[in-house]
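Subject: Structure handover

Hello,

Here is the structure I promised to pass on. Please open it and keep it beside you as you read the notes below.

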Amino acid sequence: MATIIGRVFATENIPSTPDTFNFWTELNSPVGIGTIVKVTVPQPSKRNFGNANATQWDIYGIVVEAHGYTDLVSALYDYIGADRSPELADIAPTQRPEIRAFKVAVLRMEPEEPMQPVPIGPVYLAEDEDVLMSMRMDEYVHKGRGIPVGVYVKGGANSPVYLDADFLLGPEAAHLNITGVSGLATKTSLVEFLLKSIFTHYYPDRSDRSVAAVFFNVKGPDLLYLDLEPAESGQLSPEEIAIYDKLEIPATPFDRVQYYAPYKPDGYNLNTLRTHPDLLHNVSPLQWGLTEIFEYTEVLLNRDDVDAKADAVLALIEEKVIRKPDPAYTLGVKVTNFQRLEEWFRQVIEEMESDNKKEWHSHHIATLYKVRNRLLNITNRCRGLVGNGDAVSDLPWGEFRKNHIYVVDVANLDPTAQDLVFTRIVSKIRESLEQNDLGVERAIIFVDELNKYAASDSGDTYLKRTLLDISERGRYLGEVLFSAQQFRSQVHKRVVGNCGTGLYGRMDMDELATPGYSNLSAAVKTKLSTLPKGELMVRHPHFTQPVFVKFPRPSVMRGQDGRQLYPPQVDMEFQEAMVYRLRQLQRHLSPAKIKDAIAGYDDDIVLQVVNKIEQQRPEDILSFCKTNLRTIPTRSNGAKVKVAPLYIPDESDDAYGD
């Protein structure tokens, strides 16, 4: 039985409207800002408001303002009544009636037509079904499209709140943006919890409705322990477990997570905090070569230094030398990596100098020198991420799996390398979805620190254009952007404006004073500025007013706990690192035999061979090493002679006679 808590009132100065109404309640009422209430009034017998089956009028609303009243006309009367003595202020000479009055924004009316002012009638606390109806969630929950985002907790109620999958992940609308003060708004925790909810409730019985997630870890160890249970200090409370049960979400870590991290500049130690030996089973290196990054060189090159002439040379190299080799341009060199690119440049320039020419295919030699210097410098600027050789370790393009998370750790990379990682991966996801060969129907991309990557006051960058492209047309393809930042007002308007769902944690009052929040009442702004962890305000296309919800912590290990329990291992020496990497492929290999096989060879050569072994995974690793390693001359004292890295031919090189 619904609990009656008060009654609608309307005065000459405070009338009811189709959008708002006011009601009074007693002092001990559980009503507060954000409480959902219901007004039920019987329909007049001769007026059915266009609905012959309607017997009553139900109005649902949410409290947005609160006031307290007595029968005093002014404060002076109370002062005189207290005999003008401050000592008697705690003694009421007259017991005056006092009520609470609340202003309510209408969420929904049934029937909806004709739209009329809210009638006078009793006010009830909303129950589970009322919460469902008030936010129009019944329209999609009963059709299997509901994604739980938390629970509405007010007045003793603990009701699930759902987002519409078609408006969260597309195609009707898409994208999610989270705003809140760093450390207090629990933005990352909400994304982790919501993703668990999506994996559980997004068409679990249909293989054709699949979703995977790509997370970019940009802050220390934040996202590096998603597959581990919480540490003892981070165990979920009984209340949080109850919310998981209420929402029918398993309170367990993610069981399908793969981590990717580039190497450090040394080329063999992974540049991530997840290097504890017990956690490396699902950590893969991220390393690209020339063909992987060439079309994204705009991210790496200084546009003030690369003019239209240089752009023309870059386009020629991409089209005639790398993508579709033309013998008239390749000069017999198959350009598959930066080493071969350097050889090609050398041959082109030597040919020009020997013939005393200043131009090659209408391109001046000075332009060729400039482009060569800029391109060959990329491997130094992104050392560890971009390699000189053919070895490539990449995300499983074409083989993404349902309910998998692919975490790319870029926290320790410099901004240039970060931009390259973001841009290439996001672009590759879009291209794969366009060709319908990613492996899943939809891909969620989580990017934190949007104030940095898509700031409204920053210049035009390749990455910003990529994020804009996702937000504006990603929903048609299945590319969904989940983003977070501290200050929504400082993010490019088209990025946040295209996000169908907005979540707001605890916020700074300066941010709330910006124009984007002008439609919120003063009471709602005050509540937002004092929200505790685990509570959020939600805006969603089906909700006519923002709604406050509570969500539990994700059932995964926190970043700082993981770093303490699984400290990263100390960087290994070269031989030790090579032994470790090869034994990860075949445990039975003898460390001594591996060291003997690579002893006396230049480090760069050994590293190329090991990269190739990891890529091709031959059955006999030691034989592969001995076949591919080339003898390096040694001095009489046994010291290795440093030489330029050699090119290890691939099976496809026979066309060039290499």
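The bend at a residue is the angle between two axes, one fitted to the seven residues ending there and one to the seven starting there. Helices (H or I, at least four residues) and strands (E, at least two) are DSSP runs, numbered from the N terminus.

This is a predicted model: local features need pLDDT of at least 70, side-chain atom pairs count only at pLDDT 80 or more, and totals for chains, interfaces and linings use all residues. Residues are numbered from 1 along each chain as its sequence is written, and side-chain values use heavy atoms, with hydrogens and water left out.

**A kinked helix**

Start with helix α16, residues 462-477. It has a kink of about 50°, centred on S471. S471 is also one of the buried residues of α16. Buried means under 20% relative accessible area, exposed over 50%, and partly exposed in between (1.4 Å probe, protein chains only). What do the buried residues of α16 pack against? They pack against α14 (415-434), β16 (442-447), α15 (450-453), β17 (479-485) and α17 (493-497). Contact here means heavy atoms within 4.5 Å. Just after α16, G478 takes a positive phi of about 105°.

**Two helix pairs**

Axes are lines fitted to C-alpha atoms, for helices over the stretch in contact, and angles run from 0 to 180 degrees between N-to-C directions. Angles under 35 degrees count as roughly parallel, over 145 as roughly antiparallel, 65 to 115 as roughly perpendicular and the rest as oblique. A crossing is left-handed if the near helix is turned anticlockwise from the far one by less than a right angle, and right-handed if clockwise.

Take α11 (residues 338-354) and α12 (residues 365-376). Their axes come within 11 Å and cross at roughly 165°. α11 and α12 are therefore roughly antiparallel to each other. The crossing is left-handed. Among the contact residues are F338, L341 and F345 of α11, and I365, L368 and Y369 of α12. The contact divides into 12 nonpolar, no polar and three charged residues. Nonpolar covers Ala, Val, Leu, Ile, Met, Phe, Trp, Tyr, Cys and Pro; charged covers Asp, Glu, Lys and Arg; the others, Gly among them, are polar.

Now take α21 (residues 574-585) and α22 (residues 591-598). Their axes come within 10 Å and cross at roughly 120°. That makes α21 oblique to α22. This crossing is right-handed. Q575, M578, V579, L582 and R583 of α21 meet P591, I594, K595 and I598 of α22. These residues divide into six nonpolar, one polar and two charged.

**Loops worth a look**

H540 sits in the loop between β19 (535-539) and β20 (547-550). Is H540 buried or exposed? H540 is buried, with a relative accessible area of 4%. Leaving out residues up to four places away in sequence, H540 touches Y140, L163, D164, F167, G500 and T501.

Most residues other than glycine have a negative phi, and most peptide bonds are trans. N356 has a positive phi, near 55°. N356 is exposed, at 68% relative accessibility. Phi of N436 is also positive, near 60°. N436 is exposed too, at 69%. E113 and P114 are joined by a cis peptide bond, with omega about -5°. The bond from G170 to P171 is cis, with omega near 10°.

Best wishes
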